[in-house]
Amino acid sequence: MTLAAGGVVNLVQSVDWLAIAPPTLAAVFALIVLVADLFLSERRKPLLGWLSVLGLVLASLSLLPLLKGDRTTFCLTAHPEVCSYEADHFALVIQLLVLGGALLTALLSVNPIKDEKLPGGEFWFLLLSSAAGAALLPASRDLATLVIALEVASLPAFALVGIRRGDRLSSEAALKFFLSSVTATAVMLLGVSFVYAATGSMHLAQVAEALTQPDPRLDVLAKAGVALTLVGFAFKTAAAPFHFWVPDTYVGAPLPVAAYLSVVGKAVGFSGLIVVTVKGFPSYSDVWGPVLAVLAALTMTVGNVAALRQRPDRAHSAVRLLAWSSVGQAGYLLVPIASAAYSDDAAHAIGSTVAYALMYAAVNLGAFAVAALVARTHPGNRIADYRGLYAAHPVYALALGFFLLCLAGLPPGIIGLFAKVTVFSAAVDAGLAWLAVVMAVNVVIALYYYLQWTAVLFRAPEGAPEEAVRPARPRIPAPLATAVGLTALVGIALSGAPQLVLRFASGALL
């Protein structure tokens, strides 16, 4: 408490522990795993993986009590409506995506940790720590908390990428990821400092109010700050020209970590972009709108053209194709955010990005899960290695084919088609006809490489006659089979009832 002219002002803030339960539970279990690792014998270290799975399940379940309405905490005592943490509908949806993605990553990681002799305690601690930061970010409502959440999500990810000690590709990938991320973060921090200098506040609600009528002498500084602040989040989304770290990082990282980066890493970047643009900088939409529109067009084109050029017989070509595909998908995800700058109701426009992100998360994690299965017998993970997958594992071949068709937007992947239509509609409704045309061209380009990979799955194995007897099926680890099954069930359910996701495109989340 402190004395003021009118009396005593209470500076002690109350904490709504239920509102912050999702990131808090993930962080608490990270500490529990770290301490437990010190006392468990090597034989009992696998228990850490299941303890981590339990922590992520509980963190996900803690979202249920928050569905009743918006909850805020860490608010200014003088201005109770200005808060640093807000558990609104947007935050809850992204937290579900992040924690669900981390849970599937954990299932994918159980066997690789044992097979590759990775340090289990460190791996699970880093994964849970990163998930805690990723869950914190969409609910953050001030620039300082946003930056901290972004770094808490990112720093453990660097270590996860390079966790295969002694592996040259892994070390190189981690170094490239780290250096490029640090550069982007430094630029973003410069932008945040400019915004603070121009507005005198770090809270997005007050920043938005100050930017509606900025001091004319600080207008250029504010515009520069807005543009530079977007750089750090653009890097996390793998938007071109900040995408160059993606293919080498995905190839060098353990496959579950690559899957995690492709989904949770993107969710962090996109949620950050949405929060700062729609909540903090709505009056400067003339600055960030055109920038994001150009980034969207450039990103989808670079990603799809690079994916088209992958040779099936090149080592790690399957992972590289998924990496470049994720860059292309990032371009589609940017379209509704750019459209929000030209829309009368930005909160509704970004619903299309959320709908597309939910579809993409489920099917992309599924594709990586099947890639992890193939990598057990073909470490090179070439696209050519998938030839004859239907003969050896018909269920998993059908699942991968379904995931690829969802990403392409073709039946029976109905949810992929509907999600692309909502993104396309967002651009048209905002008057960005040129961006809609660029997207349409890129969708056609992507059809080729998705269908080419799908066709490989059903060809006879190299050197075997068409009528050859189906080979014996190797045993598939239960956690890996569970991950593939869950993602397939989610994809099928969403394709059967696309309104479950598409309702986010028609409602205001912020």
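The legends below describe close-up views of a predicted model. Local features are given at pLDDT of at least 70 and side-chain atom pairs at pLDDT 80 or more, while totals for chains, interfaces and linings use all residues. Residues are numbered from 1 along each chain as its sequence is written, and side-chain values use heavy atoms, with hydrogens and water left out.

**View 1. Helix α3 and its kink at S109.** Helix α3 covers residues 89-115; helices are DSSP runs of H or I with at least four residues, numbered from the N terminus. Its 27 residues should span 39 Å at 1.5 Å a residue, the expected span being 1.5 Å times one less than the number of residues. The end C-alpha atoms lie 40 Å apart, in agreement with that value. A kink of about 35° is found at S109, shortly before the proline P112; the bend at a residue is the angle between axes fitted to the seven residues ending there and the seven starting there. Because 21 of its 27 residues are buried, α3 is largely enclosed by the rest of the structure. Buried means under 20% relative accessible area, exposed over 50%, and partly exposed in between (1.4 Å probe, protein chains only). K117, which follows α3, has a positive phi near 55°.

**View 2. Helix α10 and its kink at L261.** A kink of about 30° is centred on L261. Of the 26 residues, 25 are buried, so α10 is largely enclosed by the rest of the structure.

**View 3. Aromatic pairs, including Y386 with W453.** The structure holds twelve aromatic pairs. Rings of Phe, Tyr and Trp (its six-membered ring) pair if their centres lie within 6.5 Å; planes under 30 degrees apart count as stacked, over 60 as edge-to-face and the rest as tilted. Y386 and W453 are edge-to-face, 5.2 Å centre to centre with 90° between the planes. Y386 sits in the loop between α14 (351-375) and α15 (389-392), and W453 in helix α18 (residues 433-457), 67 residues apart. Both Y386 and W453 are buried. Y390 and F458 form a tilted pair, at 5.3 Å centre to centre and 50° between the planes. Y390 belongs to helix α15 and F458 to the loop between α18 and α19 (478-496), so this pair ties together parts 68 residues apart in sequence. Y390 counts as partly exposed at 33% relative accessibility, as does F458 at 40%. Ring pairs also link F158, F177, F178, F235 and W245 into a cluster.

View 4. Leaving aside neighbours within four places in sequence, W124 is in contact (heavy atoms within 4.5 Å) with residues including V33, L48, A106, S109 and I113.

**View 5. The disulfide of C75 and C83.** One disulfide is found in a search of the whole structure; the term means a pair of cysteine sulfur atoms within 2.5 Å. The sulfur atoms of C75 and C83 are 1.9 Å apart. Their link is right-handed, with 90° about the S-S bond. C75 counts as buried at 16% relative accessibility, and C83 at 9%.

Conventions. Helix = DSSP H or I, 4+ residues; strand = E, 2+ residues; numbered from the N terminus.
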